[in-house]
Amino acid sequence: MEAAMAKGLRSRSSGLKPIETKRKASIEEYDVVNVKDEPLSPMARLFHDTRFNVHVITLMAGKTQISLQPMKEKLVHTLLKHPRFTSLMVVDEENLTDMKWVQTKVDLDQHIIIPEVDESQLESPDKFVEDYVYNLSKTSLDRTKPLWDIHFLNVKTRNAECVGVFRIHHSLGDGTSLISLLLACTRQTADEHKLPTIPTKKRRPASSGYSTKKGPCRLLGAFCLFIRMLVNTVVDVFMFIITIAFLKDTKTPISVVPGSESTKARRMVHRIISLDDLKFVKNAMNVTINDVALGLTQAGLSKYLNRRYAVGGKDKGATERNNNLPKGIRLRSCLIFNLRSSAGIEDLADMMEKCSKGKRGWGNWFGFVLLPFKIALRDNPFDYVKEAKATADRKKKSFEALITLTMAQIIIKFLGIKIATELSLRGFSNATICFSNLVGPQEEIGFCGYPLSYFAPSAYGQPNALMISMQSYIDKMIIVVSVDENAIPDPQQLLDDFEDSLNLIKNAVIERGLVKNMK
């Protein structure tokens, strides 16, 4: 198995530096296309520091085996029409802050890797794929080429006939933009001319009642809401500043192990649960899918930590009154919040078809939000969701993401990229986890003509020992954890706890007769 894995992983050095040039004319030796250069955004520059070298990885579970030539022909007319995927990152050595995207010609053979794998020699194809991605996370993309590649593993796993591993450097775009681009390269399998359909958010009625009032009362309500958001923003930004300065999360078994901070390799495992189960709870409790996802995450983390705290000591139980959890655990996620009016998949598909820049911007345009997780066991399973909803609703009434983005841009402009990166690292490192929840298509899709069972995004290179990603796909919710094995040696157990927590909440809905309240 190791021999097959070695064939698939090309030798890459994490110390490779960006192409350096003293003048634009010298770039020509890299076969650069004669188009206008584009400077890197301030946020994209953060990801080109060796300490914050984040790569986005998406596992694509295919229903059929992959053939190289048809795939290359499709990519030429989709992905390669996007300027970021045909651009080099170039640094002027006389001015290291002058970083540009410079378009070049792409040799797809250097970006598509299909290793030869003898399936008869594999004890577990799923473990082979898991180990392959783990070894891939030990490497960095070659910066002398456009910063992406795709690995196709023609092995039959439990849920797929073939697995694609799409790796992209985070400087190319934020998570929302990159997933939107991936979807713009797909089509519905039922109709190859139709793009996927993404669920849109339905505006929920305001609980405050301000929207139902008229005249002066409505103006007063809006003013009160603005003051509340202003106060929340001041509190949130203050907490963010002191987190960067000195406020760390409680040291727990899932925190980064001292001495392993430089280890960026991550083991990524995933679990498929029923999206219908999340909708079942959502409708019964009159909350959102995000509230349920956050609730089951809090419940799963609480169960997992309760078990870990019992290791080597007396197990006090797993109830609200009797458990192993220390009181007052501070555990937060440094959440990356997309602030750009994201280009829809229709816009991106049109952009690639016409080789234009699209109607909306592209790149990294996000702020940071500290999202607290309540770590405690509850006898009433509904409490997990109610607490999650209260946290989410509170964060929606704040300008924290916008202010932190502005702060980052000001720091980069006046103090430089090194200081900005150092502060960003402190913000992430002083929190415990990274968390994301993305919306996917409502129907089966095909990538470059190959139908997908599902896809699962994650990342490596972040300083946290745990990243949790959730991605919906038709009637599935895929939970992916990217873990530092020094801190979390049993990621499958953590996934078990997430799944068990959802079942616990769902069964409570059934037992208490809330099904009749479903709309």
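## Core

Phe447 touches Met60, Met71, Leu75, Ile150, Leu182, Cys185, Thr186 and Leu452, leaving aside residues up to four places away in sequence; contact here means heavy atoms within 4.5 Å. The structure is a predicted model, in which local features need pLDDT of at least 70 and side-chain atom pairs count only at pLDDT 80 or more, while totals for chains, interfaces and linings use all residues. Residues are numbered from 1 along each chain as its sequence is written, and side-chain values use heavy atoms, with hydrogens and water left out.

Phe447 is among the residues with the most contacts inside the largest nonpolar core, which has 61 residues. A nonpolar core is a set of buried Ala, Val, Leu, Ile, Met, Phe, Trp, Tyr and Cys residues joined through side-chain atoms within 4.5 Å; buried means under 20% relative accessible area, exposed over 50%, and partly exposed in between (1.4 Å probe, protein chains only). Strand E15 (residues 450-460) gives the largest share of this core, six residues. A second, separate core has 52 residues, including Val281 and Met470.

## Sheet

Seven strands form an open sheet with mixed pairing, in the order E6-E7-E8-E3-E15-E14-E9. Strands are DSSP runs (E, at least two residues), numbered from the N terminus, and two of them pair if DSSP finds at least two bridges between them.

Strands E3 (residues 55-62) and E8 (residues 162-169) pair in the antiparallel sense over eight bridges. Leu59 stands opposite Val165 in E8.

## Confidence

The mean pLDDT (the predictor's confidence in each residue, from 0 to 100) of the protein is 84, and 82% of its residues reach 70 or more. Over residues 1-30 the pLDDT is below 50.

How values were computed. Helix = DSSP H or I, 4+ residues; strand = E, 2+ residues; numbered from the N terminus.
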